[in-house]
Amino acid sequence: MHTLIFRTIAPYLASLMVLFSIFVLLRGHNEPGGGFIGGLIAASAFAIYGIACGVAPVRRALYFHPMAISGFGLLVSALSGGVSLFMDMPFLTGQWTEIDVLGLPVDISTVLFFDIGVYFVVVGSITSIALALEEREHA
Amino acid sequence: MAADGQWLTFLVLILPFLGAAAAPFLTRVFGHNAAWVLALFPAFIFYHFTSFLGAVAEGETVAGGYAWIESLDVDFSWYLDGLSLTFALLISGIGTLIVLYSGGYLKGHPHLGRFFSFILMFMGSMQGLVVADSFLMLFVFWELTSITSFLLIGFDHSREASRRAALQALVVTGLGGLSLLAGLLVIANITGAASLSALLSEGEVLRAAPLYMAALLLVLGGAFTKSAQFPFHFWLPNAMEAPTPVSAYLHSATMVKAGVYLVMRLNPVMGETPAWETILPVFGGTTLIIGTLLALRQTDLKLMLAYTTVASLGLLVMLTGFGSEVAVEAAVLYLVAHSMFKGALFMVAGAIDHETGTRDITKVGGIGSAMPVTFIAAVLAALSMGGLGPFFGFLAKEEIYAGLGFASGWSILLTLTAVLGNALMFAIGFAVALKPFTGARVKMPKAPHEGPVLLWLGPLVLAVDGLLAALFSDLSHRFVSSPMASAVAGEPLSVSISVVPHIGLPLLLSALTIALGIACYLTLERGRAAMAATLTAIGWGPDRGFDQAVRGTVRLSAFVTGIVQGGRLDVYMTATFIALAAALFVPMVAFGELPTMPALPSLPFYELAVLAIGFIGLAAVLHARDRLTAIVSLGIQGFAVALIFMLLGAPDLSFTQFMVETLSVVILALVMTRLRLSPADHRPTGQKMLDISIAALCGAGLGLILLRVTQVPFDDTLSVFFAENARVIAHGRNIVNVIIVDFRGLDTLGEIAVVMIAGLAILALVRIRPGVAPLKAEKQPARAVEKVEA
């Protein structure tokens, strides 16, 4: 897959896809989207980048091992569910608050962090599998 | 019971575990003298439990605890009556002495801290077991004693004999534990009781129930393995591989009595039935005789004591099952006496081993002048073991003979069994206590001299206790024997026997026992040779049977694994999909739930077009010459399905379907290149036909079941609930996402955990180096297991 066009365009395509995946993740609560689908988009972005430019640049760009990202996501999800315990409510009860971002009111919730955790788990797990498979291909 | 006392008892129950956590640090700071500090833990527990003596002696019981899972009727609760209190006092009291003794015995051992930790953990487990009220707590602590015992027996884990003994003890008592769990579940099912205190009033119901026999056998399975009754006795002598403090504590004074405790605890509920009064005396009596005979054969001090322990446990079970009130009193007295004298004798054996370098009775002699305090402790303990006055063992033995009596053929048989067993134990007890200390000094690996105070304090205190308890028999009966006997019998009993001998049948039998015992002692060498010859002639024993059973299990599982997991991926896939097809079709056909064929709907042209794209994709898959084309073509069909989702108004689903299809194609293509499969499909025609029919069946089955599902009236309770509440409760307009992250958040948490674990597993599979054949890697552990047993 070492065509010049693909290799030139892949980094831009991958960046756009990652950006889009974050957009999909954040809009998920009200519009089609969410952590799972966002994670899949980001994972395919990294897979494409890897196919085009090799695995090493992807690993450098990710900085952390993808499996560590996955574990971090699971931790974030579990912890976000634990917040409600301090409010004397059952585990995973959603907690909402409103903060001001540049004069705009934005709803922030534990549910959002839960979804971000889902996103990281999906990105991490799928990317680590894809990268491992791609590595074998070039070895 | 007052609430403020409640937390103190709770603290006492977890205190040993706290001590276990602190032990390594304390040992690092104080060395072996940490024993003095650590002994404060059990000493405090002992002190706390003595505060209940008065109330319990009045016939009261102390209960307490905390609700744990109320909906399942599971509590963390305790129940103290005469039986559990006596056990708790024995455990903490002897535990204090054992901790001190361990400090002397294992002085300078590199893992002394770990040892203290293990033994305190065991103490906590055993204590929890005897005071537990709820069935679940009883079972959990029961298993904890097995696990801590495993750790302690295998403490010297660099030796293969230790590892084998530890594993054997764990397997035997672990199987017993499962049997006990099943028994408790049956009992709970029959009576509806979830705790021992609730069970005590349900005896009538339980004894009359048709499943009484099953419950009895299952519970006894647990009790007999734990208390080393024949034919499960073999693990106990092997457990002597453990350091001596462990043998003294677990394998004579406390843990092995857990089975006896259970039998005694259930006596008022399950006792007084023909089955109970047959099974218990038969197994107990057999164990008594076999244990003493096997003890004759040994020359190792610890093994001699271990086999007499087996015998004593048999005697206890026999007495508990006999059914008369006096026999129950006898069992209680003997249990207390045995814990003291056997614990002391074990510690003496350990001290001899520690100071002379050997514990072979034929290689030690004449050390009495060198180790006078140990000698005194040994003789005092042996006098109690031999049932001589004025020691506690004497009271126990008189009561045994009074309890069994001479009334019928059955009781005469059991009495004679007891006389024979006691006589042999008398001989062995004195052999351990006299032979090493008297006679001419022989050459030993080390020159003997008196051990430090830590080594002789424990045995001396226990041996003297055996004397004091008998001299002040009024007090010991009032506070210990009578409440405990009442709890075991299930009705108020008052023990009154004292050291003043009464002329009568029991005294006559005692005299007979002593005469026989002396005769055995004098002819010990000859008896040993005779037993050795007999055992060699028999050859096979349960110990070897255990090895054969384990080896057989390993072989069987290797055989089954060879069939079920042949290592061919295509076989796995075929089996999986055949099972899927069967699961889809069999219920539909068997229950006559096949769907009625609906009329073909008239679809708009764009939907037809999408369907057509899907079919073209499928046709391309079937027609493809090489695998890569087939994989990509499969993607076409997937995209068509995604489009259909979109057209029918499920954007989330469609979105996900697109991404999943894309990634599947990418990953399948990567896997294919990674596996270096030949591009073309080389399956023979027969195989192809089979695969096609399985695939078609699965597809048809799924299609039919979906069709059937849509023909059932739709229950929209959930949809309505989600649609109404997504905005109100969960502040989200996207119902699908709200369900995933909020309403069913726990499901999602579980799912992402699965995703991650699956990712890890796949990563490991991908990373397997082609050089290492997976089959070889699988076989290695199996071989290692076999080596351990060999």
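Predicted model: local features only at pLDDT ≥ 70, side-chain atom pairs only at ≥ 80, totals over all residues.
Student: Why is Val18(A) called partly exposed?

Tutor: Val18(A) has 19 other C-beta atoms within 10 Å. A buried residue needs 20 or more, and an exposed one has 12 or fewer. The value 19 lies in between, so Val18(A) is partly exposed.

Student: Where is Val18(A) found?

Tutor: Val18(A) is in helix H1 of chain A, residues 4–27.

Student: Which residues does Val18(A) touch, not counting those up to four places away in sequence?

Tutor: Val18(A) touches Ala42(A) and Ala45(A). Contact here requires C-beta atoms within 7 Å. Val18(A) and Ala45(A) are 27 residues apart along the chain, and their C-alpha atoms are separated by 6.4 Å.

Student: What makes E1(A) and E2(A) of chain A a pair?

Tutor: Count the bridges. Strand E1, residues 96–101, is joined to strand E2, residues 104–109, by six bridges. Pairing takes at least two, so these strands pair. They run antiparallel, and Asp100(A) stands opposite Pro105(A) in E2(A).

Student: What lies between E1(A) and E2(A)?

Tutor: Two residues lie between them, and the strands form a hairpin. Leu102(A), in the turn, has a positive phi of about 55°.

Student: How many residues of chain A are in contact with chain B?

Tutor: On chain A, 41 residues are in contact with 38 residues of chain B. Helices H2 (35–53), H4 (66–86) and H5 (110–138) of chain A each supply at least two residues of that side. H5(A) gives the most, with 16 residues.

Student: How is the side of chain A that touches chain B made up by class?

Tutor: It has 22 nonpolar, 13 polar and six charged residues.

Student: What does chain B contain, in helices and strands?

Tutor: Chain B has 34 helices and two strands. Its C-alpha trace spans about 110 × 60 × 60 Å along its principal axes. Of its 790 residues, 45% are buried.

Student: Which residues have the most contacts inside the largest nonpolar core?

Tutor: They are Ile119(B), Tyr334(B), Leu345(B) and Ala381(B), in a core of 205 residues.

Student: Which residues are included in the second, separate core?

Tutor: This core of 55 residues includes Phe46(A), Leu74(A), Phe655(B) and Val736(B).

Conventions: Residues numbered from 1 in each chain as written. Chains lettered and ligands numbered in written order. Contact = placed C-beta atoms within 7 Å. Helix = DSSP H or I, 4+ residues; strand = E, 2+ residues; numbered from the N terminus. Nonpolar A, V, L, I, M, F, W, Y, C, P; charged D, E, K, R; others polar. Core = buried A, V, L, I, M, F, W, Y, C linked by C-beta atoms within 7 Å.
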